[in-house]
Structures are given as structure tokens and as C-alpha cells.
Amino acid sequence: MPEPVQPGPAQTRPRVLVLYGGRSSEHAVSCVTAAGVLKAVDEEQFDVVPVGITASGQWTRPTVDPRTHTFNGGALPRVAPTASTVTLHGGADGAGARTGELLEVGPAGESTLLGPVDVVLPLLHGPFGEDGTLQGMLESVGVPYVGAGVLASAVGMDKHFMKVAFEAAGLTVGRYETLSARQWRRDPQAALDRVRRLELPVFVKPARAGSSVGITRVDGWEQLDEAVAVAQKHDPKVVIEEGISGREIECGVLDGREGESPRASQLGEIVVHDGGESHQFYDFTAKYTDSAAADLSCPADLPAEVAEEIRRQAVIAFEAVDAEGISRVDFFYTDAGEIVINEINTMPGFTPISMYPQMWRATGIDYSELITELITLALQRPVGLR
């Protein structure tokens, strides 16, 4: 169990701003993550303030209790816009707000101080939350936050540069091609010809999206143009990966305290049931809305030496992108016994049933303790260059 956080002199508990929602296609996932975290966070230790971000980017005080968000309803949860907007202030102004204080601005321009923030827990997935943009804003106002910094967040969000970092660290990466927006505009046919050097099946993915949004499995080259168009609805940059036959193994990484090495969890395995056209891979529905689509097994049934090697490589991947706080690293364990890294998620799915909390629960840290540990790590870490 993490040691209690020492509060600042002016308050009894550190004040935690929980941000959720956001502008990406993973808005609903973030809402459900917030529900789980807000129900489990230790409110005797932390003063928790939830702020939702709408799909258009407005910061709001929630009109609906975020603890009620779920995937079990008829519609996916959303953060509703409001007449007033919340900001995290970056400097003194006429309203008296200081750096790191929340300010609510009403429709007529009236301002209300909502108090200081000690640390931000950004439960945001995808662009404008997990990709370094939010992290840069928090750095600029000098407020600590949970998770990776600006560069690590950006690299961890971009499947192309992520692979470049992994290769530089000596990890085995599957064959892939990248179609940048510039290449596509200049000569789309040449770009597609490069892709056809890969072996089928291939998976066409938005380079900077998560939760398997916009991904298409391509079994025949006649499907490629349409698959690229689907991915480009989410990101003009597209990554095409050659299919790998093997088991999907995941490992949670939790940063060490004050110079200690990052910690690797027990391993988890995803087994997607044969669903024909409905689930050809671990897509959004299989992850969140169809509990019969996949089994999540933890600890994964692997030879001890293989499990230890995957855990070792997970820490290498974490450090290869200079991650901090939290990450989930995904691998393939192939039919030939090879370990191939797939990707890192610097803000992985964090609902109570998500793989990351399940892996740490199997390792000996329950959900509430894990939240406390992540906040503690963030409070101990300075902003700026480090």
C-alpha cells in the first residue's frame, strides 16, 4: 500500500482534478473510466474534483454524476455542454486566480474561483488527451499530472514513431508500412504499392487512435483502398501492419518511486472468440460492449522464462519512449516462440474491468491502491525538464 501523501500547508488533502471525456473517438471510454475511478478513489486521502471535457473541447462542471456513466445503457455516455466553462489558470488576473487554480467563467463573463489544484488525473484516451497536447498545457501552468510527459505521450500515441523507438531499443517489431498525409496527397498509388510488399492479412490502422477504432483487417488487396479511407476518417496518417499469428499478451508497467526501476505486472492474455465477421480482432465492441466476445486471462499461462522475458521487454519499451507513471505494453507470442512487441499505451484502459487494473490486482495491488499509487507518483514528480 502506498504511503499517505503529505498535504500542502493550506489544506488537509491534496486536491485532485479528474479530467474525463475529451475530443477523441474514445470519449465514452473515458467517461466510463472516470466512473470507475471516482467510485474507487480514496476520498479520505484526496479531495477529488471531476471536470468533464465535451466532444467539442469545452471544460465543464458535470451536470450528471460521472459515477453513473456505464456502457450498459442504450446510448454511450457523453459529457454535456454547459453555459459556463471551466479553465485551469496559468497566471494572476483581475479575477484573482493564480497559477494552478480552477476558474469558472459564466455566459456573461462573470468569474468564480473554484480553488487550487495539486495534481491532475487525466483519464483521457486518444488525441487531445493522451498525445502530449494536454500534457503540454499542464506543463505550461505548472501543475503535476499522472502519466507520461509531452514527448512520451506523443510517441506513445503515434504507432509509427513508437515502432521506431522500439526498434532503436533492440525490440522485435512486426513488418509494417506508414502512409503519411503528405505521401498520400503526393502519390497515393506509390504509397499503396509499398504496402503491397507486406504479406496478407494486414491490419490498417489510424496512426494516432486507440481502442481499435477505425481498424480494418484486409484479406485481399482489393479491400485496401476502402480500409485506408476508413482509417483516414480518424487520422490522415495511417499505419499498415502485417498480421502476426500468435497469442496476444499484455503487461502493465508502473513507475518506480524516486529513482527506483519501473515495475512490471503479472501478464494478461486476450483470447478473441471466433465471431466470423463480427470480431476478427480485439475491436471496440469486443473490449467494452460485448462481454462474450473475448476472454481476458490473468495471469497468462506461459512458461516461466517466457513470462519473465516479456516482463523485462515491457520495462525496456516503457523506458524506450521515456514513459512515466503508467503504461500497458502489448506483445504477440508467436507460434514459433518469438516475442514481438505490438504497442505501448501511456494511458491504458482503466475501467475496473480493464486489463491494466486486472493485471495489477493479480500482482497484489487492488484498484483503489493503484489509483493512490499513481497520484502519489505524480505528486512526487516535478513539472518541467526532469
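This passage looks at two annotated positions, Glu343 and Asn345, and at Glu139. The model is a predicted one, so local features need pLDDT of at least 70 and side-chain atom pairs count only at pLDDT 80 or more, while totals for chains, interfaces and linings use all residues. Residues are numbered from 1 along each chain as its sequence is written, and side-chain values use heavy atoms, with hydrogens and water left out.

The UniProt record, an unreviewed entry, lists Glu343 and Asn345 under "binding site"; positions follow the numbering used here, feature names are shortened, and such annotations may be inferred rather than shown by experiment. Glu343 sits in strand β16, residues 339-345, and Asn345 belongs to strand β16 too (strands are DSSP runs of E, at least two residues, and helices are runs of H or I, at least four, numbered from the N terminus). Glu343 has a relative accessible area of 14% and so counts as buried (under 20%; exposed is over 50%, partly exposed in between, with a 1.4 Å probe and protein chains only). Asn345, at 15%, is buried as well.

Setting aside neighbours within four places in sequence, Glu343 is in contact (heavy atoms within 4.5 Å) with Lys159, Met162, Phe166, Arg328, Val329 and Asp330.

Glu139 is part of helix α2, residues 133-141. Its side chain makes a polar contact of 3.0 Å with that of Arg386 (a pair of N or O atoms within 3.5 Å; within protein, one must be able to donate a hydrogen and the other to accept it, and residues adjacent in sequence count only if both atoms are side-chain atoms). Beyond four places in sequence, Glu139 also has Tyr145, Val150, Val383 and Gly384 among its contacts.
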